[in-house]
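The following questions and answers examine selected features of a structural model.

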Amino acid sequence: MTNSAPPTQGKTPAGDPGPRKGGPDARPGLYMGRPFGVPVYVSPSWFLVAILVTVMFEGQVNGVIDRPLSYIVAFAYAVLLYGSVFVHELSHAVTARVLGLPVRSVTLHILGGETSIEREAATPGREFLIAFAGPLVNLVLAGLGLLAHAVLPLPDVALLLIDALTFANLLVGVFNLLPGLPLDGGRLVRALVWKATGHSRSGAIFAGWVGRGVAVACLIAGAYLATYRTEDGTGGIGWLALLWSALVASFIWVGATQAIRAERFRDRVPLLSARRLARRATLVTPDTPLAEAVRRAHADHAGALVVADHDGNPQGLVSEKAVTATPEHRRPWITVGELSRGIEPDLTLPADLTGEDLIAALRRNPASEYLLTEPDGRVYGVLAVTDVDRAFAGV
């Protein structure tokens, strides 16, 4: 799977359809290196999967080799299995970089992997190439596995590993080609609809709804296979597999829903205006009692307090949370200077910011409030992030 921001792109067999939280420096797992200049992380959840795969696969290995070596071979299979996932994700990343798109990271986690790309492809053709690169690598690896089985004289243990990896790569490749977001097949559908209509939004919405259908189909298929029995009473894949199919189905449903919401989010971004969202600010000196500052703000019909010197130069912001957290009986005895925090240069924004420029400014320097100023330096008001979030409520 791949993940481009705003949506994430490319998944194996799972991925993240949205921007990663925690800021650009947040690490999604253990740092493993930078192949081809791409940071690679392994989520702690991978170790849980590695243990489960080892335990489940060891039963097959034990029929070929005695314990405790069977556990070592089974663990080697778990590592090689995620090696296939890693190659899948790395193919997304390398293709994106070749096409000029910056790649933020590759992460391996409980459901597979995720390639986080800084921005979307500019054309449907590039979108198609990036999405198809991952499944193509898995299908090539499956073909090489079949060839090795057919022509190489291998010991039983090696043959077992190759057959298992061949099946796994075939499964990952085919699964990711299912035609719905957030899977790679969904990115392919998006690219095709984008090409046909000339609108990436149409492709994303269509692929998102198809993804929801794929999620329901996965759940139904898992329930059927878990309960199916032949006439002699055999068959069925068990309730553990049903639980896994439910987990995968929920991932696809959530990813598809987030992809649809991301397009609705984009529709509202151009309408954003710092001026329209700003709260009127009352300027007070640092030694002003909080009770008096609140009174003045109410008289001014203002929703924010800005601490300024006697010449009107802003020095600090008083957050709404700090005011509401202070009991009324203490407000006459606390000055606004005690509750304020200094205004860093990065937290002062032009009042004329709109649309993508406003979103980019907020992402560069995350905070709860920002001081908005006019071109001549005068204070226009305060922009609260809660007001920006409210503008997207219901998306």
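Q: What span should the 18 residues of helix α1 (residues 45-62) have at 1.5 Å a residue, and how far apart are its end C-alpha atoms?
A: Helices are DSSP runs of H or I with at least four residues, numbered from the N terminus. The expected span is 1.5 Å times one less than the number of residues, which gives 26 Å for α1. The end C-alpha atoms agree with this, being apart by 26 Å.

Q: On what kind of model do these values rest?
A: Local features need pLDDT of at least 70, side-chain atom pairs count only at pLDDT 80 or more, and totals for chains, interfaces and linings use all residues, for this is a predicted model. Residues are numbered from 1 along each chain as its sequence is written, and side-chain values use heavy atoms, without hydrogens and water.

Q: At which residue does α1 bend by about 30°?
A: The bend is the angle between axes fitted to the seven residues ending at a position and the seven starting there. In α1 this angle is about 30° at Met-56.

Q: Is Leu-101 buried or exposed?
A: Leu-101 lies in the loop between α2 and β5. Buried means under 20% relative accessible area, exposed over 50%, and partly exposed in between (1.4 Å probe, protein chains only). Because its relative accessibility is 9%, Leu-101 counts as buried.

How values were computed:
Helix = DSSP H or I, 4+ residues; strand = E, 2+ residues; numbered from the N terminus.
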